[in-house]
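Subject: Structure for your review

Dear colleague,

Please find below the sequence and structure that I am handing over to you. My notes on what was found follow.

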Amino acid sequence: MATDDIKREETAVASNFIHDFIDEDLAEGVYSRVQTRFPPEPNGYLHIGHAKAICINFGVKEKYHGICNLRLDDTNPTKEDTEYVEAIEEDIKWLGFDYDNVYYASDYFDFLYECAIKLIKKGKAYVCELTPEQMREYRGTLTEPGKNSPYRDRSIAENLDLFERMAKGEFEAGSKTLRAKVDMASPNLNMRDPIIYRIMYATHHRTGDKWCIYPMYDFAHPLSDACENVTHSLCSLEFENHRPIYNWFVDECIDGEKPRQIEFARLNLNYTLTSKRKCLKLVQDGIVDGWNDPRMATISGMRRRGYPAEAIRDFCEKIGVSKAYSVVDFALLESCVRDNLNRTAPRAMAVIDPIKLIIDNYPDDKVETLEAEYHPDHPEFGKRTIPFGKELYIERDDFMIEPIKKYRRLYPGNEVRLYKAYFVTCTGYDLDESGEVCAVHCTYDPATFGGDAPDGRKVKGTIHWVYAGDCEIAEVRLYDRLFDVENPSDEEGVSSFEDNLNPDSLIVKTAYVEKALADVKPGDRFQFMRNGYFCADTDSKEGALVFNRTVALRDSFNKKNNQ
């Protein structure tokens, strides 16, 4: 995406048709209040797509002074874990939202069982013994109607008996299902007698071994919404075709006020994967360092990388809410992060690819103390002291033996400004045994303390530095996008999404940072001058600092990949 396109997206007014629907419902008296819910399945960590759904649901709560509950959709015990539940709760709170209550679909297992009995008694559900293969055959296609199951016309008494025996564990897993009796000729495949219960012998993380039958999502979800008194069930667009069966279950099982389902387009972000199955494979194969690896599109990964919650919320607001499928450029997310950190991150000096700078005419035993503000626009951030002496570290690319055109940093004979210190002139350099430059020599002008010359002469380059005699060694992890193609899960000509991994997604460097950073805590963010924005990692501790690059000062990914 071009820079101008990003700017247009940033300045666009985010539309929200969901609010329009809710306004209509309130004006027409359909509802007198507004209640939503965020219903993730606890089978993985939340990702950037969930962040959009969170912002939408909790944004509705805030706008209409309503209620938004967290409901964990724990109807599949083979894939769910309390680890995921705790991570989901933490991510929502970190994003800046408070849920009114925490519920689980498993809270309603007794209620859902009674709803199933109600459907059987109404002649609207039956126990089926078709195998999965037979069920697919009977289901039909998009252009051909399905065929009725041979078990569809069982008596109500027989269905009640079989279903109760299913619940008691008298049958093998997968041998029987309970299906809704809807319409096998419906053009909507979701209406062709969907399964509402299946036999599964698995210990549930909350109910233990009480149940050996578990409800399907399309059955549990709408009835859980209704049980909680949800007014507006907001979900992504792939559930639009499920709305008729959502309404069917609610109409058949619930009296009184009923929830309304409204769909919105999910967030599709290029250069990322959000499929829980594929993300789990990345974790299990050791390609990433867990669900919170800073290269992952998970909320916990972005938090560890240093993305501010405010920037993620701002990103979700800028992309808006629509029903149209679209792919958002990763550069827009990074732009939101960059804009936020430019305002909020204290400045500091760090040399990531160090080379020694020796000031030959500086006194050997002299150490000065300089003072610098943490942020040029925020004096309330305070100031820190920086030691300065004869030997410094500078970035390797701040020196060239033979400068390229318009190169304004150090080269033999050239004078530059050391940030907050002196003018220095390069006088020579040393080579190591391999012929690489290992040290640069210069002289300084004592009259230029503070970075200005009393005679008015100007220099064209200013470089940062770290005093070699009193600094901190740090591990710096230079993170970039995990994949080097826009659609890593479906790129032509590759056999697996793992073939699209960016080999430069993580580069580890040993760096030197100024002494003021010795006491940083995990999560502290800084702009390392001229290098980018960085965050102290959870691995960081006193005497062993670790910083993650959150985002570069400008987008260089597309430029690098287009070379």
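In these notes, helices (H or I, at least four residues) and strands (E, at least two) are DSSP runs, numbered from the N terminus. On that basis, Ile507 belongs to strand 22, which covers residues 506-514. The model is a predicted one, in which local features need pLDDT of at least 70 and side-chain atom pairs count only at pLDDT 80 or more, while totals for chains, interfaces and linings use all residues. Residues are numbered from 1 along each chain as its sequence is written, and side-chain values use heavy atoms, with hydrogens and water left out.

Overall description

The protein has 14 helices and 25 strands, and its C-alpha trace spans about 100 × 55 × 40 Å along the principal axes. Of its 563 residues, 53% count as buried; buried means under 20% relative accessible area, exposed over 50%, and partly exposed in between (1.4 Å probe, protein chains only). The accessible surface comes to about 25,600 Å², and carbon and sulfur atoms hold 46% of that surface. Accessible areas come from the Shrake-Rupley method with a 1.4 Å probe, and for residues only the protein chains shown count as cover. Among contacts in the protein with a separation of 6 or more, 71% are between residues 24 or more positions apart; contact here means heavy atoms within 4.5 Å.

Ile507 is partly exposed, at 37% relative accessibility. Not counting residues up to four places away in sequence, Ile507 touches Val476, Arg477 and Leu478. The C-alpha atom of Ile507 is 8.6 Å from that of Asp480, a residue 27 places away along the chain.

Nonpolar cores and a surface patch

A nonpolar core is a set of buried Ala, Val, Leu, Ile, Met, Phe, Trp, Tyr and Cys residues joined through side-chain atoms within 4.5 Å. The largest one has 51 residues, of which Ile18, Ile48, Ile54, Ile92 and Phe315 touch the most other members. Elements that each supply at least two residues of this core include helix 2 (17-27), helix 3 (48-64), strand 9 (260-264) and helix 12 (309-319). Helix 3 gives the most, with 9 residues. Leaving out residues up to four places away in sequence, Phe315 touches Ile48, Leu267, Leu269, Val328, Leu332, Leu333 and Cys336. A second, separate core has 39 residues, among them Ile120, Leu162, Met191 and Ile213.

Tyr429 lies in strand 17 (residues 423-431) and is partly exposed, with a relative accessible area of 33%.

Helix 8

Helix 8 (residues 217-227) is largely enclosed by the rest of the structure, because 9 of its 11 residues are buried. Asp218, His221 and Asp225 are among these buried residues. Just after helix 8, Asn229 takes a positive phi of about 70 degrees.

Charged residues

A salt bridge is a side-chain nitrogen of Lys or Arg within 4 Å of a carboxyl oxygen of Asp or Glu. A search of the whole structure finds 51 of these salt bridges. In one of them, the closest N and O atoms of Arg343 and Glu310 are 3.9 Å apart. Arg343 lies in helix 13 and Glu310 in helix 12, so this pair ties together parts that are 33 residues apart in sequence.

Arg530 forms a salt bridge with Asp398, with the closest N and O atoms 2.8 Å apart. This pair links distant parts of the chain, 132 residues apart: Arg530 is in the loop between strand 23 (525-528) and strand 24 (532-536), and Asp398 is in the loop between strand 15 and strand 16. Arg530 is partly exposed, at 36% relative accessible area, whereas Asp398 is buried, at 0%. Elsewhere, salt bridges that share partners join Asp289, Arg304, Glu475, Arg477, Asp537 and Asp539 into one network.

Lys52, in helix 3, is buried yet has no salt bridge, and the nearest side chain of opposite charge, Glu238, is 9.6 Å away. For charge, Lys and Arg count as positive and Asp and Glu as negative; His and the chain ends are not counted.

With kind regards
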